[in-house]
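Thanks for making time this morning.

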Amino acid sequence: MKVLSVSLQKGGVGKSTITANLAVGMSKIIGERERILVVDMDHQGNLTYQMLGNPSDVEKTAIELFTPGEKYKATDIVHNTRFKNIEIIPSNLALSKAELYTSQIIDAHNRLAQYLKQVVFMYDYVFIDCPPSLGLLTLNALIASDYVLIPVVPEKYATMAITQMMDTIKMARAFNEKLQLAGIVPSIVDMRYRIHRATIKTLETNFGNMLLKDKYIGTNAPLKDAANRRQTIFEYDNRAASYKHFQNLASYVHRLMRITENEKRSETA
Ligand SMILES: Nc1ncnc2c1ncn2[C@@H]1O[C@H](COP(=O)(O)OP(=O)(O)O)[C@@H](O)[C@H]1O
Ligand SMILES: [Mg+2]
């Protein structure tokens with residue numbers, strides 16, 4: 001099992017959109033026998049809405065991981081989606097209580113990692129959609145992850161936001177030394193804007209080949225239309241520019257996360 005978080009403390013940079021489309025993009029690349037779990041770590045429940053339905057209608061959600069004295073079965077909080085090889089741990093407003101419970105539970109920062117250890121043989125790939133903040137839930141996601149992918153809209157404050165994110169990654173590494181940067185992916189990009197082109201250049205200077213400039217996600221109207229219908233671009237329009245962009249990003253992430261034969265042996269050992 002390999003785990004990737006999509007994370008940046010700013011809202012509106014495309015985290016939830018990327019998590020959903022990346023998961024579905026991956027599901028088309030991998031074989032039928034491989035399985036994907038997506039985890040919604042944002043109480044706004046945007047990913048839940050996309051993949052499952054109205055968040056407030058869902059009962060067993062990610063908050064169970066943090067509820068003091070809660071006894072739940074590992075499979076209780078996992079729900080099927082309309083995709084055969086994708087399941088989800090959903091979230092809704094209840095997750096906003098997680099921070100309140102931290103003084104009452106042990107290892108609050110480690111709850112998601114501990115959960116994933118229990119289901120390590122059920123899934124091959126896990127994608128975690130993070131909230132727009134650097135608190136307990138993001139820390140849980142990073143501590144549970146092998147990789148973190150940072151989406152950024154190439155505008156003002158982009159570099160500053162990434163620098164703060166890097167500090168948080170360093171903090172998470174104190175608990176989880178295997179955490180690696182999968183890359184910084186320019187998101188909602190419009191190359192007609194001078195500021196987008198200029199910021200991408202600056203980011204490349206600062207972050208070198210960790211800036212995935214050939215794997216950017218452009219701003220794309222069909223992607224927005226698809227989201228409004230609760231669909232990913234893969235279900236909606238195979239001629240859309242974002243279809244290609246997400247195929248491209250998914251195949252990069254697949255290459256990165258694919259489990260080598262050696263790792264398979266040590267997982268089953
Ligand atoms: N590449 C894109 N092109 C056009 N609209 C996008 C794109 N990515 C995201 N959006 C829209 O921007 C808004 C914010 O995206 P979202 O994925 O919810 O960001 P975040 O999870 O970082 O807050 C949503 O309305 C989404 O539909
Ligand atoms: Mg989101």
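Helix H1 has 15 residues and reaches 21 Å from its first C-alpha to its last, close to the 21 Å expected at 1.5 Å a residue, where the expected span is 1.5 Å times one less than the number of residues, and helices are DSSP runs of H or I with at least four residues, numbered from the N terminus. Bear in mind that this is a predicted model, in which local features need pLDDT of at least 70 and side-chain atom pairs count only at pLDDT 80 or more, while totals for chains, interfaces and linings use all residues. Residues are numbered from 1 along each chain as its sequence is written, and chains are lettered from A and ligands numbered from 1 in the order in which they are written.

Of the 15 residues of H1, 13 are buried, so this helix is largely enclosed by the rest of the structure; buried means that 20 or more other C-beta atoms, placed from the backbone, lie within 10 Å of a residue's own.

Around ligand 1 there are 17 residues, the closest being Gly14, Lys15, Ser16, Thr17 and Ala227, counted when the C-beta atom lies within 6 Å of the ligand. Helices H1 (15-29) and H8 (221-228) are the elements that give two or more residues to that shell.

Note on methods. Buried ≥ 20, exposed ≤ 12 C-beta atoms within 10 Å, placed from the backbone.
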